[in-house]
Amino acid sequence: MNRIDAILRDPVFPRIKAAVIGATGLAYYADKDAALAERINRRLSDKPTLGLAAYLAQLAGEGPTGPEYQALINELTVGETFFFRYAEQFEALCAVAIPECLRRNRESRLLRIWSAGCSIGPEAYTLEILLKRHFADQLRDWQVSIVGTDLNASFIETARRGVYGNWAVRGLDPAVLSECFDRQGDLWAVKPRFREWTSFSVFNLVDGPLPNYPRGLGALDVVLCRNVMIYFDEPTRTRLLDNLHEVLVPNGWLVVGHAETGQQVNSLFTPVPVPGATIYRKPRPGCAPAEEPRTARPRV
């Protein structure tokens with residue numbers, strides 16, 4: 001019997017599985033025991049004498065912010081992403097959501113955006129690139145904040161460095177690549193000019209209510225939470241959507257993954273279809289649904 005089979009047969013395995021899913025919300029692994037056991041085995045590969053009971057005790061003693069728990073989370077989460085992923089959604093932001101935010105906030109001159117589940121950072125940096133390439137004049141003298149968060153501390157460290165391989169910048173127009181990145185051998189570094197508004201921090205989306213504005217995640221104009229909820233069970237998704245609705249300002253905008261739409265989203269937000277994508281608007285209490293969007297699709 002190999003090590004993974006031994007993990008699966010161990011009576012402690014279901015307890016580890018319940019503890020990990022409960023702490024992280026990663027219900028994706030609820031019916032994927034073999035995948036979970038394989039990732040636990042990776043963490044135990046350099047601890048051959050440590051049994052599952054002792055490993056569970058270590059995790060419980062540390063809690064989700066501890067080093068071994070974080071190392072396991074690193075194994076469980078996926079960091080594959082790239083700049084301008086699902087370009088149609090960024091075009092929708094550029095054509096509809098951002099112009100509306102600029103009109104609505106013209107007196108406060110504040111723009112607050114959250115990239116929730118930002119992985120290694122391209123989504124958050126894409127937002128700053130988009131804003132500075134298309135709205136630089138309108139945003140002059142504005143206070144702009146783009147916050148990227150992820151459960152995986154290793155991903156956040158990579159995001160803060162802002163240096164990526166060819167995969168992450170694949171498909172970018174050469175002009176965008178030249179304007180926004182510095183070549184460092186086989187790597188590409190986001191230029192300082194496109195990192196001024198963007199910050200990153202570790203945050204667990206299922207760990208209670210979302211932080212308030214002093215921590216950077218409240219009174220938000222735009223939230224991107226794409227391909228995150230597919231990992232959660234229905235009660236967790238429902239609670240998260242309620243929380244996202246709460247932290248958005250009236251008429252604020254939500255962008256979710258293509259596989260994450262449905263009644264739960266539609267019950268809280270107004271779908272706004274644009275060519276190639278649908279984005280969602282938080283209705284203002286007592287007001288009519290969002291007005292029909294313009295269909296212009298600027299090049300991003």
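How much space lies in the largest pocket? In this predicted model, the answer comes out at about 570 Å³. The lining of that pocket is made up of 29 residues, and those closest to its centre are Val 78, Gly 117, Asn 227, Val 228 and Tyr 231.

Seven strands form an open sheet with mixed pairing, and reading across it gives the order E6-E2-E1-E7-E8-E10-E9. The edges belong to strand E6 (198-202) and strand E9 (270-274); each has just a single partner strand, so one side of each is left without a neighbour in the sheet. On average, and ignoring direction, neighbouring strands here are turned by 25° against each other. Zooming in on one pair, strand E1 (residues 110-116) and E2 run parallel and are joined by seven bridges. Take Trp 114 as a reference point: its bridge partner in E2 is Val 147.

Helix H6 (residues 87-104) lies across E1, strand E7 (220-225), strand E8 (248-256), E9 and strand E10 (277-281). Relative to E8, helix H6 runs at about 175°. Helix H10 (residues 234-247) lies across E1, E7 and E8, and its angle to E8 is about 135°.

Terms used
Residues numbered from 1 in each chain as written. Predicted model: local features only at pLDDT ≥ 70, side-chain atom pairs only at ≥ 80, totals over all residues. Heavy atoms only, no water. 1 Å grid on protein atoms, 1.4 Å probe; cavity = no way out; pocket = protein on both sides within 12 Å on 5 of 7 lines; lining within 4 Å. Points joined across faces, edges and corners; volume = space filled by probe spheres on them. Pairing = 2+ DSSP bridges. Helix = DSSP H or I, 4+ residues; strand = E, 2+ residues; numbered from the N terminus. Axes fitted to C-alpha atoms, helices over the stretch in contact; angles between N-to-C directions. Contact = heavy atoms within 4.5 Å.
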